[in-house]
Amino acid sequence: MSTAVPPSPSTSDDEVSTNEILPGIVRVDRQAAAAGTTSTSATSATSASGAVVASTGEPRRRTAFRPDIEGLRGIAVLSVLAYHAAVPGPTGGYVGVDIFFVISGFLITGLLTGRPIGLWDFAARRARRILPAAATVLVATAAAGGALLDPLRGTDLAHDLIAAAGQFANWRFVGQQTDYLAAEHDPSPLQHFWSLGVENQFYLLWGVLLLGLARYLHGRRRTVAITLATLAVGGLSLALCLRWTATSAPLAYFSTGSRLWEFAAGACAALLGSALAARTPGRTPGRALTGALRLLGWAGLAAVLGSILLYDRTTPFPGAAALLPVLGTAALLLAAPADRIVGGLLATRPLRAAGRLSYAWYLWHWPVLTIAQARYGQLSWTVLLALTAASALPAWLTLRLVEQPLRYGSSPAPRRGLAVGASALVIPLIAALTLGGGTVRALGGTASAQAGAPAGAVDGPALLAPGARVLGLTPSLARAREDFPPGKGCEIPLNADSSPRCLFGNQDSPDRIVLLGDSHAGQWISAGLALAEQRHWALEVLVKPGCPLATLTVRNDVLGRTYDECDRWRENTLTRLTSGPKPRLVLMAGLNRYGSQEERAAGWTRTLDRLTALGAPLAYLGDTPMPGKDIPTCLAASDGRSDACFFPRETAFEPDPLLDGGLAARYGVRTLDLGPVLCPGSGPSCPAVLEGVVLYRDTGHITDTLARVLAPRIDKGVLGAP
């Protein structure tokens, strides 16, 4: 798949206009210059590679307009917009971001190699081009978020604003989506700013690299050095992309290192176009070269459109799959001018109109879609498409009133451009701080340190012990999402296949409880620790996120492939248990939604055959109800009402082979079903808050406070404590 959550690829229209210098765009006719030609006009001819050969007496650069590039931008932005609006058909529309990355590499390389330019001038041009429109959208999103989103989403948005304004949003989302314990919640209204962060980080690297080479090298040595640097950066980045796609899809998707090769592909197209122009100065390329370029152009168009229509969310991406749209785009950039049909298709007016608006349109459409769905719930694709179309209006206003005036109307002096950029950074930061302060006040202050959990009942239908009371909500909404169990490092990364030594309690004791399973087992660490500490035992935690203890192979959506590491971890862990001292108790738990009911039963049979051979007592905690929605966010939107955010009982539970299928009795496993406590009665709904305790920290994991409340009940249920 393209990322850990529903993919949110963005695109920032490259800051270099198609009207600006491209590689080999202008070549001075040396004979005309030697002959003393002084005409200020010049004639030019566009070569097959898109280079323009000019004849003039002045050694100055002219610009060449590439309408096909503008149209290619239109294809890129329309594909992403259609994908985000869930329009049937372009299921691979997220590749539009890759198309933009290649275009950016092509144009920026042309700018940096086509004419002398200073580093500060380069930075000022980028600042004027990118930051004002971005700042406009950031401030507008902060205002809309503060007015329309609940306080918890507003808090998240404030942090995202800081990351987006600082141009490191991609790394924030890498951290969020590679942290399995992080709260699961809806995509950020600013998630699309990850691509802007990647682009600006690329510009910083590429500007310093190419301008540095231009300063110390000249002529052929400079060209060779730039070519070798481009190939080296691109090759290393592609290797990282392939590796990270297999081991950590969010890192591969959002990180700069795994995306640089796409810019490098565009840079290679620019350098090759310049080389072709140099081989055919002032004349039309030969028939063989023209034919090859036309064939290349059609192949590129087929690759781009094919990836948009054939890829979907299950495609491991970027990885090797990104080669198709990336190489297809590079082929079009190089070859489209050689074929009137391909070039004409790309240069149609609707595509060019979308291309001109692409940067501002993309910046606006995603906040509109995400805030609307956060406010009104999941919307149909027709409504999403209408909202996307409507977002073209603020995009057009931003283009006309902000982007173009500051880009073309302001002074070209570098200090003026840098001042514009600094203002565009500071203003969103002020908006973020204002929004963050407001949401903290709405939540009742900052998150406090972890407080003691109320006493839980040992048995019976009530959650709390007789006489125990909770005033307000515990944990508070300000800290509910971070109410994690201790020992965060015990839940190993997705690509790991063995658990570290993770002991709690009396670590020197020869007696230990082993907590075994996935993240739904990891949520019981505090309860297991309470059991161990009462007996002066150790608690050993062996958990792996998304990995069923039942022996069955599953697919991991974060990795976008079969979860082979899970099978290896399970085998390593079961073998590890046989080699150490016999545990006093093996406490099993896990998500009860892997595979079908029959597959779960067969998988548990295979696992229990192995565990029974240990000769240790076995206990099993039935899975907790599954809300299927972000409970802290829902409660914040409901002003913390304890009667809000109920969820359907029929979707909260799945048939459990150990609780319902007789496997527990066959293998002598002591079971404890906590479902009747957390979803009491027989009505159609389950609560999110019970007796003042917030039960869930996200869409499916319980709060650590609840785990500590339930510890006495678990102690009696699995160890028979009085």
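This is a predicted model: local features need pLDDT of at least 70, side-chain atom pairs count only at pLDDT 80 or more; totals for chains, interfaces and linings use all residues.
Residues are numbered from 1 along each chain as its sequence is written, and side-chain values use heavy atoms, with hydrogens and water left out.

Let's begin with the cysteines. A disulfide is a covalent bond between the sulfur atoms of two cysteines; here, a pair of cysteine sulfur atoms within 2.5 Å counts as one. The structure has 4 of these links. With the bonded cysteines of the chain numbered in sequence order, they pair up as 1-2, 3-4, 5-6, 7-8.

One of the links runs from C490 to C502, with an S to S distance of 1.6 Å. Both cysteines sit in the loop between α17 (414–442) and β3 (503–505), so the bond ties together parts that are 12 residues apart in sequence. (Helices, H or I with at least four residues, and strands, E with at least two, are DSSP runs numbered from the N terminus.) C490 and C502 are both buried, a word that means under 20% relative accessible area, with exposed meaning over 50% and partly exposed anything in between (1.4 Å probe, protein chains only).

Another disulfide joins C547 to C566, S to S 2.0 Å. This link is right-handed, with 80° about the S-S bond. It connects distant parts of the chain, 19 residues apart: C547 is in the loop between β5 (538–543) and β6 (555–556), and C566 is in helix α20 (residues 564–579). C547 is buried, at a relative accessible area of 0%, and C566 is buried too, at 1%.

C634 and C645 also form a disulfide, with their sulfur atoms 2.1 Å apart. The torsion about this S-S bond is about -105°, so the link is left-handed. C634 belongs to helix α22 (residues 631–637) and C645 to the loop between α22 and β10 (647–648), so parts that are 11 residues apart in sequence are tied together. Both C634 and C645 are buried. As for two other cysteines, C241 is buried at 0% relative accessible area, whereas C268 counts as partly exposed at 30%.

Next comes strand β5. How many of its 6 residues are buried? The count is 6 of the 6, so β5 is largely enclosed by the rest of the structure. Both faces are covered, with A538, E540 and L542 buried on one side and L539, V541 and V543 buried on the other. Strands pair here if DSSP finds at least two bridges between them. β3 and β5 pair in the antiparallel sense over 3 bridges, and F504 has L539 of β5 as its bridge partner. Strand β4 (residues 512–517) pairs with β5 in the parallel sense over 6 bridges, and V514 stands opposite E540.

Finally, there is a helix pair. Helix α3 (residues 96–114) and helix α4 (residues 119–148) pack at about 145°, with their axes 12 Å apart. (Axes are lines fitted to C-alpha atoms, for helices over the stretch in contact, and angles run from 0 to 180 degrees between N-to-C directions.) The contact, meaning heavy atoms within 4.5 Å, is made by I108, L111 and L112 of α3 and F122, R125 and R126 of α4.
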